[in-house]
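Subject: Structure handover and notes

Hello,

Here is the structure for you to open. My notes on what turned up follow below it.

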Amino acid sequence: MPSELNRRELADFLRRSRERLCPHDVGLASGPRRRTPGLRREEVAQLAGMSADYLMRLEQARSPQPSTQMLGALARALRLTEDERDHLFVLAGHRPPEGRRAGSHVRPGLLYLLDQLARTPAQILGDLGDLLAQNAMAEALFGCVCTVEEPDRNVVWRWFTDPFVREAYPEDEHERRGRLVVADLRTAVARRGSGDAEAAALVARLREASEEFAAMWDRHEVAVRRQSRLRVRHPEVGLIEFDYEALLSPAEDQRLLVFTPPPGTPSAEALDLLRVVGPETAHRSHR
């Protein structure tokens, strides 16, 4: 559903973007001396495949709401960056198109940040549930429940196909957690669109492997995992309660999950003990 059109700001942005361009920027000859800076309206209109009269009405804040197709053509004609294109869509009352995905590649800066959270469990998760990276504290907390090794790094797949994973979580929270991960996956799949082969294959694989997943998927519940309360049972230090925050990367298909116990609680003390115990005990408990 389109949102409110900001005609005045849209008109100003289009005009100034046009004035910043030179003819040679778009492969046009400069021609005779120009009285005004930038490209002429007629030139931008020709590049965008629209009438100069329509562009004039846009720049004078007199037009109806432009379509997303028209905005895309204008963004290409004006040589807008991705940020500028998104700004154009927002001013016109439309949701910006999805940008490039980060995929499974984690930027070095994000990995560095992960390692700097030395006292706090933290993970980097893909939008479809792939665990891409985790720091030493997360490995000590979750052990073999979560692994970055393929093909077992998808947390949704592990939840619905590996009984060992659920042993780390209180039984009375299993249904709620299952519905939460399915609702989050449903949101990501919809965002990617119906033509995304990777998302479609994961859902088909999960439906075939788990009747529980299929039933939850058919509920069509949606919910992005931004923050929540989580309880994890560790074999050495017992039950630990966490609040977790999910921070999106600019590409929006990766998120940094940070797990923090409420201060001054037994969970905070258990986490201090876990730093001493280290990740090896969690691995030994699974072997």
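H10 and H12 are oblique to each other. Angles under 35 degrees count as roughly parallel, over 145 as roughly antiparallel, 65 to 115 as roughly perpendicular and the rest as oblique. Helix H10 covers residues 174–192 and helix H12 covers residues 211–218. They pack at an angle of about 60 degrees, and their axes are 9 Å apart. Axes here are lines fitted to C-alpha atoms, for helices over the stretch in contact, with angles running from 0 to 180 degrees between N-to-C directions. The crossing of H10 and H12 is right-handed. A crossing is right-handed if the near helix is turned clockwise from the far one by less than a right angle, and left-handed if anticlockwise.

From H10, the residues in contact are Glu 175, Gly 178, Arg 179, Val 182, Leu 185, Arg 186 and Val 189. From H12, they are Phe 213, Met 216, Trp 217 and Asp 218. Contact means heavy atoms within 4.5 Å. By class, the residues of this contact divide into 6 nonpolar, 1 polar and 4 charged. Ala, Val, Leu, Ile, Met, Phe, Trp, Tyr, Cys and Pro count as nonpolar, Asp, Glu, Lys and Arg as charged, and the others, Gly among them, as polar.

Before the rest, the ground rules. This is a predicted model, in which local features need pLDDT of at least 70, side-chain atom pairs count only at pLDDT 80 or more, and totals for chains, interfaces and linings use all residues. Residues are numbered from 1 along each chain as its sequence is written, and side-chain values use heavy atoms, with hydrogens and water left out.

The overall picture comes next. The secondary structure comes to 14 helices and 5 strands. Helices (H or I, at least four residues) and strands (E, at least two) are DSSP runs, numbered from the N terminus. The protein has 287 residues, and 46% of them are buried. Buried means under 20% relative accessible area, exposed over 50%, and partly exposed in between (1.4 Å probe, protein chains only). Take the contacts between residues at least 6 apart in sequence: 57% of them join residues at least 24 apart.

Now H2 and its surroundings. Helix H2 spans residues 41–48, and Glu 43, Val 44, Ala 45 and Ala 48 are buried in it. Which helices do the buried residues of H2 pack against? They pack against helix H1 (7–20), helix H3 (52–59) and helix H4 (68–77). H2 and H4 pack at an angle of about 120 degrees, with axes 8 Å apart. That makes H2 oblique to H4. H2 passes H4 in a right-handed crossing. Val 44, Leu 47 and Ala 48 in H2 meet Ala 73, Leu 74 and Ala 77 in H4. That contact has 6 nonpolar, no polar and no charged residues. Just after H2, Gly 49 takes a positive phi of about 75 degrees.

Leu 28 also meets this helix. Leu 28 lies in the loop between H1 and H2. At 29% relative accessibility, Leu 28 counts as partly exposed. Leaving aside neighbours within four places in sequence, Leu 28 contacts Pro 23 and Glu 43. Leu 28 and Glu 43 are 15 residues apart in sequence and 8.7 Å apart in space, C-alpha to C-alpha.

Ala 61 has a positive phi, near 60 degrees. Ala 61 sits in the loop between H3 and H4 and is partly exposed, with a relative accessible area of 31%. His 220 has a positive phi too, near 55 degrees. His 220 is in the loop between H12 and S3 and is exposed, at 53%.

Last, two buried side chains. Arg 166 is in helix H9 (residues 163–166). Arg 166 counts as buried because its relative accessibility is 16%. Not counting residues up to four places away in sequence, Arg 166 touches Trp 159, Phe 160, His 174 and Glu 212. His 234 lies in strand S3 (residues 227–234). His 234 is buried, with a relative accessible area of 2%. The side chain of His 234 reaches the backbone nitrogen of Glu 236 at 3.0 Å.

Best wishes

How values were computed. Polar contact = N/O pair within 3.5 Å; in protein donor to acceptor, adjacent residues only side chain to side chain.
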